[in-house]
Amino acid sequence: MTTVTDAVTEAPATTVPEPARRKSPYPYWFILPGGVVFAVFFLVPSVMAFWFSLTRWTLFDQEFIGLDNYVQFFREPALASGLWHTLVYAVTTSGLKVVLGMALAVLLTGPILGRGFMRSVAFFPVLVSTIGVGLTFQILMHPTRGLINQALDLIGITGPAWLVDPDWALLSVAFVDVWQGVGLALVIYMAGILSIPGEYFEAAKMDGAGAWHRFRHITLPLARPATVSVILLSLIGGLRKFDLIWAMTKGGPGFTSDVMASVIYKQYQAGFYGLSTAGNVVLFLLVILIALPLFWFFNRKEDA
Amino acid sequence: MSTRTKPNVPLSALTVVLFGVVFLVPFAFIVLTAGKTAQESALLDFSWPTQWAFVENLQAVVEARDYLLIIAFINSTVLTVVSVSVVVVLAAMAGFVLQRRKSRFTRAVNLVILSGLVLPPAVVPTIWVLQKLGLFKTMPGLILVEIAYAMAFCVLLFQAFIAGIPKELDEAATIDGAGPLSLFFRVVLPLLRPIIVTVVVVQTVFIWNDFTSPLYFLPGDENATVQLTLFNFQSQYASSYNLLFMDILLVTVPPLIMFMIFQRQIVSGMVAGSVKG
């Protein structure tokens with residue numbers, strides 16, 4: 001590419017038949033400093049994880065024990081349930097972010113005043129400390145005195161005990177995750193919807209298409225790239241979520257809101273480094289197993 | 001669907017109230033509780049403080065545990081500023097070459113970068129690496145890890161932006177005798193200003209809010225970051241909700257300032273980053 005100009009400027013001077021071998025203005029060593037940091041602190045640990053997960057490990061010495069860590073992981077209900085909770089959490093948060101993000105975006109791209117204000121208000125939680133959000137909602141979700149249940153009382157609904165109810169704990173954290181993250185889904189959808197030419201809607205209107213039809217046959221298909229982004233982003237984020245869950249429930253009550261990331265941390269704290277790393281590998285594989293088919297599926301459909 | 005249609009006033013009012021209640025009440029709750037006395041804050045209700053203790057609470061939070069909060073703010077600032085400055089330069093350099101040179105090698109590198117965006121980091125093996133290098137429980141170690149984790153996202157954003165800079169510019173500079181370094185730092189880097197602002201702002205917020213990496217790689221009180229002190233505060237001052245919420249308020253202020261100044265860059269950066277990812 002750049003060698004084209006090199007060839008033009010230098011061709012007469014050289015005897016080499018091929019384009020002149022002057023140094024490219026884009027040397028590969030530019031990648032090196034960033035690449036080394038990335039390799040040493042991200043790639044090397046990721047690859048080493050597969051080995052360490054097969055050992056009984058104390059950071060100082062390791063003993064090869066084969067697949068024992070994995071066997072233990074899947075045998076112990078407290079650990080294995082983390083896998084299921086992770087899936088429930090990721091799918092719930094992702095689904096709600098898609099539905100609510102799109103609904104709010106349709107609302108805000110409609111004939112409405114104060115659009116910019118509402119977009120800012122909904123987006124700001126994305127930037128706030130997740131620990132701060134978790135601790136705040138821990139108080140707001142207090143079973144009796146919390147603002148949420150007090151408000152529900154006013155309209156005659158007895159709210160659940162949220163974080164202290166084993167059946168609700170995981171979902172409660174997922175709801176807070178959606179509260180914090182829906183703003184990002186909203187701005188992605190708004191960008192997607194606003195890029196749809198207005199004539200499409202006007203033409204459809206003239207043909208007598210109702211609001212639902214316009215949504216179903218124009219907005220929904222043409223906002224597809226936005227949907228793809230929101231799904232991938234929230235699924236990948238949801239599968240590895242740790243800080244919010246740790247701040248709100250620490251995986252409790254019991255193990256009812258333990259996810260992979262909190263299991264990994266607990267095993268690390270307890271000194272079971274091999275087991276913790278096995279959990280990490282399981283999480284890798286889970287993310288790959290979910291993300292790869294989605295990437296493939298979405299790319300394929302876009303080509304078609 | 002466009003702005004040409006007349007705005008629907010009742011619907012607008014309803015939406016504004018809905019957004020206000022859902023997204024602003026929690027923040028109002030933080031501010032109000034941060035201004036209450038200890039007894040009043042223990043009621044956990046959403047009400048106007050009968051007696052404002054805002055300044056006292058602020059003082060108490062800052063002085064708590066020998067000014068730990070001040071130390072944490074300094075640590076978090078150092079962590080954020082150093083990590084972001086380094087990652088911006090390294091990612092811009094890498095993104096430049098990766099975008100300009102299309103070869104089998106750069107394509108492979110891009111695939112690896114994508115894995116950095118998708119895969120969860122392997123935490124305990126990272127501790128092992130840090131320990132081997134003598135960097136575990138040190139600020140430089142944590143900074144390097146933050147740089148590594150931010151690298152993928154930043155390189156992709158830079159690549160996307162650099163694709164829009166005409167290559168003829170590089171060629172002109174090269175013909176004028178610029179080497180790769182001066183081509184990059186004198187010609188290309190100044191043109192990257194808009195994307196640099198975006199990357200800096202977005203990464204500043206990410207790293208400032210990061211809780212998990214300091215928890216694993218820089219434990220201990222003497223070098224605590226703000227998110228860790230906030231988390232520990234909860235168990236130490238379990239009954240003083242006013243102080244807890246004052247702490248939450250203080251930790252929320254820096255992102256709020258960033259947001260008010262750079263809202264456009266943050267939103268566009270996150271949308272672009274997510275669409276690329």
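This briefing covers a predicted model with a chain A and a chain B. Chain A and chain B bury about 9,000 Å² between them. Chain B is built from twelve helices and zero strands.

**Where the chains meet**

- The interface joins 96 residues of chain A, which are in contact with 101 residues of chain B.
- In chain A, the residues that lose the most area to chain B are A:Y26, A:F30 and A:F41. Together they make up 10% of what that side buries.
- Of the area buried between chain A and chain B, 77% lies on carbon and sulfur atoms.
- How many salt bridges link chain A and chain B? The count is zero.
- Polar contacts do occur across this interface, with 14 residue pairs found where both residues have pLDDT 80 or more.
- Helix α2 of chain A, residues 32-52, gives the most to the side that touches chain B. Its share is 14 residues.
- That side of chain A divides into 70 nonpolar, 17 polar and nine charged residues.

**Chain B as a whole**

- From the N terminus on, the elements of chain B are twelve helices in a row, with zero strands.
- The C-alpha trace of chain B spans about 75 × 65 × 30 Å along its principal axes.
- Chain B has 277 residues, and 52% of them count as buried.
- Among contacts in chain B with a separation of 6 or more, 71% come from residues 24 or more positions apart.

**Annotated stretches of chain B**

- An unreviewed UniProt entry places the feature "transmembrane region" at several stretches of chain B, including residues 12-34 and 183-208.
- Others from that record are residues 67-96, 108-130, 142-162 and 241-262 of chain B.
- Residues 12-34 of chain B are 100% helix and 0% strand in the model. The end C-alpha atoms of this stretch are 32 Å apart.
- Residues 183-208 of chain B are 96% helix and 0% strand. Here the end C-alpha atoms are 33 Å apart.

- A:Q180 belongs to helix α8 of chain A, which covers residues 169-194.
- The side chain of A:Q180 reaches the backbone oxygen of A:V128 at 3.1 Å.
- Leaving aside neighbours within four places in sequence, A:Q180 is in contact with residues including A:P125, A:V126 and A:V128. A:S129, A:T130 and A:V133 are also among its contacts.

**Backbone details to find**

- Where is the cis peptide bond that ends at A:P253? It runs from A:G252 to A:P253, with omega near -5 degrees.
- A:P253 sits in the loop between α12 (243-248) and α13 (260-269) of chain A.
- A:W162 has a positive phi of about 50 degrees, although it is not a glycine.
- A:W162 lies in the loop between α7 (147-154) and α8 of chain A. With a relative accessible area of 9%, A:W162 is buried.
- B:D66 also has a positive phi, about 55 degrees, and is not a glycine.
- B:D66 is found in helix α3 of chain B, residues 54-100.

Note on methods. Residues numbered from 1 in each chain as written. Chains lettered and ligands numbered in written order. Heavy atoms only, no water. Helix = DSSP H or I, 4+ residues; strand = E, 2+ residues; numbered from the N terminus. Polar contact = N/O pair within 3.5 Å; in protein donor to acceptor, adjacent residues only side chain to side chain. Contact = heavy atoms within 4.5 Å. Buried area = accessible area lost by both parts, 1.4 Å probe. Salt bridge = Lys/Arg side-chain N within 4 Å of Asp/Glu carboxyl O. Nonpolar A, V, L, I, M, F, W, Y, C, P; charged D, E, K, R; others polar. UniProt positions renumbered as here; feature names shortened; annotations may be inferred. Buried < 20%, exposed > 50% of the residue type's maximum accessible area, 1.4 Å probe, protein only.
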